[in-house]
Amino acid sequence: MKKIIITVLILSFVQTIHAQKGFKSLFDGKTTKGWHSYGKNSVGPGWKAEDGVLHFDPEAAKNGQGGDLVTDAEFENFHLKLEWKIAPNSNSGIIFYVNEDPEKYKNTYETGLEMQVLDNDGHPDGKITKHRAGDLYDLIQSKSEPVKKVGEWNAAEVISKKGKLTLILNGVTVVETVLWDDNFKKLIAGSKFANWPGFGTFKKGKIALQDHGDNVWYRNIMIKEIK
């Protein structure tokens, strides 16, 4: 009980500090309010809100009861902050500019861009360039790899303002690019998404946390809309 009280107090303090800087919380630490499973009206049992943390539990998500978690709201120009922790050999992702049209796009990653969340040493994707933690998945390799050891919390930021995208991992800028220009279209043309007509084209969309079938935890999820 003491541990839970301390966790709640810390979460409340962090939320207060960020609120003073114009950020609002996307996760209240207790429920999945403001989120739903992609293409559905509710949240599958694979996602659990407990002690200030959003946990994807693959055991609870068997028989198709998981799915990527997406925000109810859409965002255009924004600064997203959150922390993530991954289990050994696991994979997930922070996906943004998701166009939720499940009849046209079956998955979040058919439209949204992804900041990779990964156990670099334990998961097979760690052997693939542009698939490691902090990368703009399959498009741009991180400038450096300030990712922490498996089981430790990482602080991630996604800043998108009028086409300029910045990804930050543990205080280090790892990716900087311009979205939607000719160079970006060339990046897509050279990627696994080359023949996906909706990928990376939307300038407003939802934020998703990926169910990749592995244990992953997220907390302190905050966003500031940039005017």
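**Pocket lining and rings in a predicted model**

User: How many nonpolar, polar and charged residues line the second largest pocket?
Analyst: Residues are numbered from 1 along each chain, and side-chain values use heavy atoms, without hydrogens or water. A pocket is an open set of points on a 1 Å grid over the protein atoms alone where a 1.4 Å probe fits, with protein on both sides within 12 Å along at least five of seven lines; lining residues have an atom within 4 Å of a point. Lys40, Asp68, Lys106 and Asp211 are among the lining residues, and by class (Ala, Val, Leu, Ile, Met, Phe, Trp, Tyr, Cys and Pro nonpolar; Asp, Glu, Lys and Arg charged; others polar) the lining has two nonpolar, six polar and four charged residues.

User: What is the angle between the planes of Trp47 and Phe56?
Analyst: Rings of Phe, Tyr and Trp (six-membered ring) pair with centres within 6.5 Å; under 30 degrees is stacked, over 60 edge-to-face, the rest tilted. Ten aromatic pairs are counted. Among them, Trp47 and Phe56 form a tilted pair, 5.1 Å centre to centre, with planes at 55°.

User: Which residues do ring pairs link into a cluster?
Analyst: One member, Tyr109, also lines the second largest pocket. The cluster is made of Tyr109, Tyr137, Phe193, Trp196 and Phe199.

Terms used:
Predicted model: local features only at pLDDT ≥ 70, side-chain atom pairs only at ≥ 80, totals over all residues.
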